[in-house]
Amino acid sequence: MNNIIANILRFLILLIVQVIVCQHICLFGYMTPALFLLALFLLPLELPLSLQYFIGFATGFVVDAFAHTLGVSSFACTLMMFVRPYVAHWLNGSNNVKFENIDRPEPGAKDFRWVFLYTLILTSLYQLTSVLLETMSFRNFGHTLLVILGNTLFSVFVILCVEYIFHSHSKGEI
Amino acid sequence: MNNLIEFFKRAFHIIVLAVLLILSVVMLGKSLAFNDYRLSRAVQSVVGPIQKSGRSMIHRFHLGPENEALVQQNIQLLREQENMFIVKEDTILTEMSMPDSTNTKRVRLYDYTYAHVIFRTTDRAFNYMIVDKGSKDGITRDMAVLSPQGVAGVVTDVSPNFATVRPILHPESRISAVVTPANQNGTVIWEDNDPRVAYLEAIPQHSEINIGDSVFTNGFSNIFPKGLFIGTVKEVQVGNNASFLTIKINLATPYTDIYTVYLVENTFKAELDSLKANFKNE
């Protein structure tokens, strides 16, 4: 129960920060952090898969609504939520995809390498999908690639910072 | 039948995934390919107000630079006002005797710059302000100081980076003024230690002054350009001295809340002052 409230609160806070602050950051003219992904990353893996997809879709829709890019983030988030358990299990080193209770993708439960790779892979997937869907063309592909790369690095940096800063403060619960 | 239910149970999340992905693509396609704005308009009507309040919150951090830009623009506009110039006969044009052209030219008499108040007092008998520009920035003694609302004071002392301003709120402050529509000239002084109120003296008793009349500078002092707002009449009394009225005025400048000020330089001040000095000596 406590866990659910913490998750919902985290979702709300991160979404508000994303749509009001992060979306208006444009470092060097093209780097925008996607901090709200952290809320999706920290969802418990043992939730029903369909619920996970739906949460991803809804989150993406809210972000889209504020960014005037309907469909882009919802697609990318849903796809990311689909890939997420596979990434987690690949990082755990087990080949069979079974969703166990111990799988908490949080800094307290995992080491830095695990958290870093998990964040990096999922963020780059999200950015790849969303930026490509937003541009909808392969013209000027060098710049598109630069945007994907820049967004990914900036997002990973911001997400890891927030994750570790707030983790150490509240002893295991973000 | 059982097999079918079993299949749905296992494949349910795949179906949800497919539906959600297709929904996303439809939304994306509608706004991109078909220029169908109904959905985005509906979303905007919900999101818009939230976004607006969020933006206005963030916008506070940008107010500083934006203010600075607006002050710059104000200076440009203020410099082009009619009371900044004197009209002179242009000898070159006269000699060429061009019939159509007006043989006058406008010569700049006053010039503007701006500064920020970094320290001020309002509750003392001798108040003063310090602004963040000095002789390095071309500030000299006796420059007029204006607030966005009206006349604020006069520069009395200048160091390389800062300048001291004597506001109207000072017993030695004297500003020649005209009260309209009666068009009577007088002097604004300050007595009551109230930062909102000053006195207009030397207005003859026969003049018709009403509460709410505006008081402007009259440009006699060579410090203030003509027609700058000082305040409005608050109270009119027949004074002890039978020939003059005692007039209380509300000052336009909010001294307790002053930050950006404009400084006005009279470019012919030295010349005019030397003429006045000769006049005194005679």
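In chain A of this predicted model, helix H4 (residues 72-92) and helix H5 (residues 112-135) pack at an angle of about 155°, their axes lying 9 Å apart; helices here are DSSP runs of H or I of at least four residues, strands are runs of E of at least two, and both are numbered from the N terminus. The axes are lines fitted to C-alpha atoms, for helices over the stretch in contact, with angles running from 0 to 180 degrees between N-to-C directions. That angle makes H4(A) roughly antiparallel to H5(A), a term used for angles over 145 degrees. H4(A) passes H5(A) in a right-handed crossing, that is, with the near helix turned clockwise from the far one by less than a right angle.

Which residues of H4(A) meet H5(A)? Among them are Phe75(A), Leu79(A), Met80(A), Val83(A) and Arg84(A), while H5(A) contributes residues including Trp114(A), Tyr118(A), Leu125(A) and Glu134(A), where contact requires C-beta atoms, placed from the backbone, to lie within 7 Å.

Turning to the interface, 19 residues of chain B are in contact with 21 residues of chain A. On the chain B side, the elements giving two or more residues are helix H1 (2-32) and helix H2 (38-59) of chain B, and H1(B) supplies the largest share, 12 residues. That side divides into 13 nonpolar, six polar and no charged residues.

Also in chain B, six strands close into an antiparallel barrel in the order E8-E9-E10-E13-E12-E11, pairing being assigned if DSSP finds at least two bridges between two strands. The twist from one strand to the next averages 40°. Strand E8 (residues 175-180) of chain B is joined to E9 (residues 184-189) of chain B by five bridges, and Val178(B) stands opposite Asn185(B) in E9(B).

As for confidence, chain B averages a pLDDT of 83, the predictor's confidence in each residue from 0 to 100, and the complex has an ipTM of 0.75 and a pTM of 0.59.

Residues are numbered from 1 along each chain as its sequence is written, with chains lettered from A and ligands numbered from 1 in the order in which they are written. Local features need pLDDT of at least 70 and side-chain atom pairs count only at pLDDT 80 or more, whereas totals for chains, interfaces and linings use all residues.

Definitions and conventions. Contact = placed C-beta atoms within 7 Å. Nonpolar A, V, L, I, M, F, W, Y, C, P; charged D, E, K, R; others polar. Parallel < 35°, antiparallel > 145°, perpendicular 65-115°, else oblique.
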